[in-house]
Structure formats: structure tokens, C-alpha cells
Amino acid sequence: MNKFFIYTVAVVLLASCGYSQEEKEKFSHEERRRLQKEDSLALKVCVLPTLDCLPLFVAKERGWFAENGADVRLKPYHAQMDCDVALKKGLVEGSVSDLIRTERLIIKGISLTYISSTNTYWQLMANKMARIKKTEQLGDKMVAMTRFSATDYLTDRTLVGVKTKAQVFKIQINDISLRLKMLLNNEMDASWLPEPQATVAKQYSNVVLKDSRDYKLNLGVLAFRANAISDKRRQKQLKAFVKAYNTAVDSINRSGMEHFSDVIQKYCGVDKNAAKALPKQLFKHAQRPSAADVSLARQYVNTL
């Protein structure tokens, strides 16, 4: 039963049974402490409203984390920067991210362990009103991205050897949902978007200038703080987490993403039409990122 509901009922009962204000406050304090303790013992993971998180969303919705004996709590954010802060402050044990960001955190002294790569990719969407058909036309245009991230790297790599008539302006828009809105509202000339946001942009006739998959690399990653999963209890939780994650992957691949349209709509904030229009893709069992992708990210971070 929903803990908030239980807590609300308890407060109402206290109010109706003639308890003193001091007794009510004591109950409230004790209840908060109990909930905080439960949260501290749970395995907490930052997620974004992006399709690479679908196995996590499905495992949570279908109860597979709990079924495998793990209290996993997904902490939703709209910006990678907020996920970084949660990791650094120890508010969560793990986070969905990309190798550019995680390697930068490691350089800054945050010890991380890679649990799995993810199949996320980004597309550089050009605003249809800007009439940009190729990357050479990005001169004097604004490209929405996030600093110290995969989209930062992709912007730089896309512009290698490209001659533009003027400077390309990299504009930091951390919130993924806001980045999409600014493109649709003609406030940005181009924007790097993951799925399902890229599909939404296409539905409004915006143009794909570049696809990160063209570079044959895989920068999406699921990382955990090394010290947060070092004890036996956490390792047991992580084992159950990975088992539930793989079960979700198998279910998605077997049934198809359209079977989980309701989950995509709920967690990614898109409508039914967008969820239905998503390109088909297969998810992989939890497996660590390749040494080549990690090395590429590390080399890039060292140049920043």
C-alpha cells in the first residue's frame, strides 16, 4: 500500500483521537525517520525521461526489482547535471549517464563502477524554420547541447573538417525536455536529442542533420558509485537489480516497445502517437562498455 496514504491516514486518526500537538509532532518525526531509513537502505538510481532507461522503467512497473528481492527506487531528473550532483552528494547509488560525463566525474575524484552500457543515441535535429539541410550551414547558428557530455563531444566531432561561414554557437541547455521545447518553439536552430524526444521533433517536420550512430560508438552508460556498492548487502541488491534489468530487456525485445507504450508515455512525457512512432530497436543485457568507448571518452575529457 502507498506509504504516503498510510502516513496520511495515521495523521488523520491522531487528529481525531485527542492527541496533544506534541504527541502528533513526535509521531510525524518518527514516521519521517522511518521513511528516511527505508530510503537510505534502498538502491537509488537516477533516471532521465529517455528511451535508454526503458528497461529500468519496465522492471519497476512490472515489479521485477521487488520480485528479485531488491528495493530499487528510481529518482527522475530532466538534466544530466542534476544526476551528477545526486551522485556526488551520495543521494543515489547509481545513475544513467554517458561516458563523457562519468569519465569527467572520475577525474574529479568520484570513483565509479560501470554496470552496463546503454543503447542511447543522439540525433542533431535542425529547426525546420532555419532551413538548414547540412552541417556546413550551421555557421552563426545556435546548437543546443550540454557541456561536458556526449552532446558536447558530438558537436565538436560533427564540426571536424566542416567549413562554416561563421562561428557555431554551442548553447548549454541541460534540461532535455526544455531542449526539445526550445527547438519546437523556434528558439534554437538545432538541438541534440535522444529518443523519444528526437521522434517528437521529427513529427513536427524538423530535419536530422547528424546521427551519433554514424560514428559507431556507444556512449550511454549505467554507472554506480564504487563505495556505495562495496558491502555485501549492496552487492546482493545490485545482483538482483541486474537480474531484473535483464528480465525487462528480454520482455521488451520479445514483445516489442509498442507493448510498453503506457510505460514510455508515463516516464518519458510523450503522447501515444510519439510512443507509437518510435523506431524499433533491441536492448542488450547488462554488459560493461567497451574499452574503446571508455578510452575515447577519457581522451576527450582530458582535452576539456
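Covering here rests on contact, meaning heavy atoms within 4.5 Å. The model is a predicted one, in which local features need pLDDT of at least 70 and side-chain atom pairs count only at pLDDT 80 or more, while totals for chains, interfaces and linings use all residues. Residues are numbered from 1 along each chain as its sequence is written, and side-chain values use heavy atoms, with hydrogens and water left out.

Helices (DSSP runs of H or I, at least four residues) and strands (runs of E, at least two) are numbered from the N terminus. Which residues of α11 are buried? In this helix, which spans residues 261-268, they are Ser261, Val263, Ile264 and Cys268. Looking down the axis of α11, these buried residues fall within an arc of 160 degrees, so they line one face of the helix. The arc is taken from the directions that run from the helix axis to the C-beta atoms. A residue is buried under 20% relative accessible area, exposed over 50% and partly exposed in between (1.4 Å probe, protein chains only). Just after α11 comes Gly269, with a positive phi of about 70 degrees.

Helix α11 is also joined to α3 through a pair of rings. The structure holds five aromatic pairs. In the pair of Phe57 and Tyr267, the ring centres are 4.3 Å apart and the planes stand at 10 degrees, so the pair is stacked. Phe57 belongs to helix α3 and Tyr267 to helix α11, so the pair ties together parts that are 210 residues apart in sequence. Rings of Phe, Tyr and Trp (its six-membered ring) pair if their centres lie within 6.5 Å; planes under 30 degrees apart count as stacked, over 60 as edge-to-face and the rest as tilted. Are the two partners buried or exposed? Phe57 is buried, with a relative accessible area of 1%, whereas Tyr267 is partly exposed at 23%.

Phe65, Phe224, Phe241 and Tyr245 form one aromatic cluster. Of these residues, Phe241 is found in helix α10. The relative accessible area of Phe241 is 0%, so this residue is buried. Leaving aside neighbours within four places in sequence, Phe241 is in contact with Leu43, Val45, Leu56, Phe65, Val72, Leu222 and Phe224. Two of these contacts, Phe65 and Phe224, are also members of the cluster. Phe241 and Ala66 are 175 residues apart in sequence, but 9.1 Å apart in space from C-alpha to C-alpha.

Helix α10 covers residues 232-255 and also holds Ser251. Ser251 counts as buried because its relative accessibility is 8%. Not counting residues up to four places away in sequence, Ser251 touches Trp64, Gly256 and Phe260.

On a 1 Å grid over the protein atoms alone, a cavity is a set of points where a 1.4 Å probe fits but cannot get out, and a pocket is an open set with protein on both sides within 12 Å along at least five of seven lines; lining residues have an atom within 4 Å of a point. Points are joined across faces, edges and corners, and a volume is the space filled by probe spheres set on them.

The largest pocket has a volume of about 320 Å³. Its lining has 22 residues, and Ser177, Gln197, Cys268, Gly269 and Val270 lie nearest its centre. Helices α8 (176-184), α9, α11 and α12 each supply at least two residues of this lining.

The largest cavity contains about 140 Å³ of space. Among the 16 residues that line the largest cavity, Leu48, Gln80, Trp122, Ile176 and Pro194 are the closest to its centre. Strand β3 (94-98) and helix α8 are the elements that give two or more residues to this lining, and β3 gives the most, with three. The second largest cavity has about 70 Å³ of space. Residues lining the second largest cavity include Asp52, Ser116, Asn119, Tyr245, Lys284 and His285.
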